[in-house]
Amino acid sequence: MSRTLISVSTVLAMALGASLATSPALGQTRTDPKDAHKSSPGGRYEPRMDVLPGQGMKQPGAEPGVPTLTAAEFEDARKVYFERCAGCHGVLRKGATGKALTTDLTREKGFEYLRDFITYGSPGGMPNWGDSGDMSPQQIEVMAKYLLNEPPTPPEFGLKEIKATWKVIVPPERRPRTKQNAINIENLFSVTLRDSGEVALIDGDTKQIFTIIKTGYAVHISRISASGRYLYVVGRDAKINLIDLWMAKPDTVAEVRVGLEARSVETSKAKGWEDKLAVAGSYWPPQYVIMKGDTLEPLKVEGTRGTTVDTQEYHPEPRVASIVASSHKPEWLVNVKETGKVLMVDYSDLTNLKITTIAADRFLHDGGFDRSGRYFLVAANARNKIAVVDTKESKLVKIIEVGQTPHPGRGANFTHPKFGPVWATGHLGSEAISLIGTDPEKNKQYAWTVVQTIEGQGGGNLFIKTHPRSRNLYVDTPLNPDADVASSIAVFNLDKLDQKPEILPIGQWSGIAEGTKRVVHPEYNKDGNEVWFSVWNAKNQQSAIVVVDDKTRKLKTVIKDPRLVTPTGKFNVYNTQHDVY
Ligand code: DHE
């Protein structure tokens, strides 16, 4: 069933409405070893530094024997580097999933070597930027020279800078004491409108857009406070919006920027700590920031720079990936990508901050809890592993080998007819869906091993979802190069996992004629009887949300509105608040 993948950055560029002329053809099968990166499954699902290119950075001074760049060349190369290279090679070029490109190494290799390497790529994973037409020969020459010069350093963003961005728009004492709107908040969906930098709050009962709220740039995820009242939204520009869902018309009541580039936000969920604190992690600077839950007042900034779990070398820019809140203890699990460490941050005493550092594996990305809420399973995606952390004992339980580039989102929990409770992840790099036993009490023999692997439609999977009241498992494939696969969903019967999945043509059901109609991020309503899918087209094309009846697997409603620009993630208030997935 598996189908070849094209590069994720190409896919994302297309979704962003970038010119197809500069991108490889959709579905093109590659055999050239130089193309290994692009054809290797999930090979280019790497972060971009979307906001850093816009930061002014000083050009390092000229050095004897090193080619100089004009100010304009430096600016162009710097922009391209942050957009295309920094995700793998690091902002400071000390290496991440890609090799280090510090000047001691690049100068030894020399200009011609660098130029050819950028042009042709390598089987080890370097894209063939020149050969593919993604970069012109002139751009490549400038980039090779740029790499021979010292890297410019983006600015730090400490408490002073964070505080300067902090705004309380409606102070807590001026906020409503009771809910002022008639909406069933528990069934409200916060929908990411990625390219317009907004979230749409959609009433899950009536399917009406209640309001649209301006948020950060290329907005990423939404999370809900423990009480369900406050919604936290993070943009890629590290802007956090705090939205009060009790207002007659919910709106931003406070905002702050916690850094220059960010992807994650979470709140305090332990007993006695509900709604008290919030935390956000950034890609640059490498840090996380603890804030007051109801005002976003920044309280504490903690850096993540340190040594890696394996080679135990210093890494200058370990990015903060996912952050989840334990419900057992006043702790957050902060997953640090480049060092491979899970930091269990005890937020009960910010002066005497206790952090338990768990050595997992490198390139931690996304993950979720098992159904008991005790164990957290996180993908070390570039290592094809899932690390399991016991949040009660604050210990690593096991590191499990799965398929190529796991991407669980938050994963999917269900009771398997044979193996008992399992948690499932899909993969960017293959059609495999790995089911991992999660019950060390009653099903000890199956716990923390892959008990079954089932086959979806193909690689390019990002999210997978079920619900405690459902016996269906939905698997998306928005990054698959085959347009039919990208615009449809595979749904498995959880009682008959040996049977092939049914394919739901969600893109077609949306009634939209234009675009690839990538279908992404299944999300249940509160009752678990409907599943919502985003039909994600480019910014200048029509997109939609398709709602499916979970029992019949038939189309229920299509939500279309010109304001629904590039909808991607959807966060049902109740399910996000209670970690139902
Ligand atoms: Fe995400 C979650 C990082 C691209 C949609 N994404 C996450 C998390 C991280 C992350 C670290 C976990 C947050 C948490 O739980 O605290 N995402 C990144 C990237 O670095 C990457 C690969 C590239 C980039 O430069 O941003 C990236 N992500 C995307 C997309 O292109 C997606 C598909 C569309 C979009 O809106 O940008 C996308 N990411 C999502 C969604 C979640 C997410 C919907 C939350 C899933 C959930 O169910 O909780």
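1. Asp361 is buried, its relative accessible area being 10%; here buried denotes under 20% relative accessible area, exposed over 50%, and partly exposed in between, with a 1.4 Å probe and protein chains only. The model is a predicted one, in which local features need pLDDT of at least 70, side-chain atom pairs count only at pLDDT 80 or more, and totals for chains, interfaces and linings use all residues. Residues are numbered from 1 along each chain as its sequence is written, and side-chain values use heavy atoms, with hydrogens and water left out.

2. Asp361 forms a salt bridge with Arg383, with 3.1 Å between the closest N and O atoms. This pair links distant parts of the chain, 22 residues apart: Asp361 sits in the loop between strand E18 (354-359) and strand E19 (364-369), and Arg383 in the loop between strand E20 (375-380) and strand E21 (385-390). A salt bridge is taken as a side-chain nitrogen of Lys or Arg within 4 Å of a carboxyl oxygen of Asp or Glu. Strands (E, at least two residues) and helices (H or I, at least four) are DSSP runs numbered from the N terminus.

3. Arg383 is partly exposed, at 29% relative accessible area. A network of salt bridges links Asp310, Asp361, Arg362, Arg383 and Lys385.

4. By the salt-bridge rule, the count comes to 29. One of these joins the side chains of Lys207 and Glu530 (3.0 Å, N to O). Because Lys207 lies in the loop between strand E3 (198-203) and E4 and Glu530 in strand E32 (residues 530-536), the pair ties together parts that are 323 residues apart in sequence. Lys207 and Glu530 are both buried.

5. A salt bridge also connects the side chains of Glu261 and Arg263 (3.0 Å, N to O). Glu261 counts as buried at 0% relative accessibility, and Arg263 is buried at 9% relative accessible area.

6. For the iron atom of the ligand, the only protein donor is His220, through NE2 at 2.3 Å. Donors are N, O and S atoms within 2.8 Å of the metal (3.2 Å for Na, K and Ca); water is not among the atoms, so sites may look incomplete. His220 belongs to the loop between strand E4 (209-214) and strand E5 (221-224).

7. Strand E35 (residues 567-572) is mostly covered, with six of its six residues buried. E35 pairs with strand E2 (residues 188-193) in the antiparallel sense over four bridges, where pairing requires that DSSP find at least two bridges between the strands. Pro567 of E35 is the bridge partner of Leu193.
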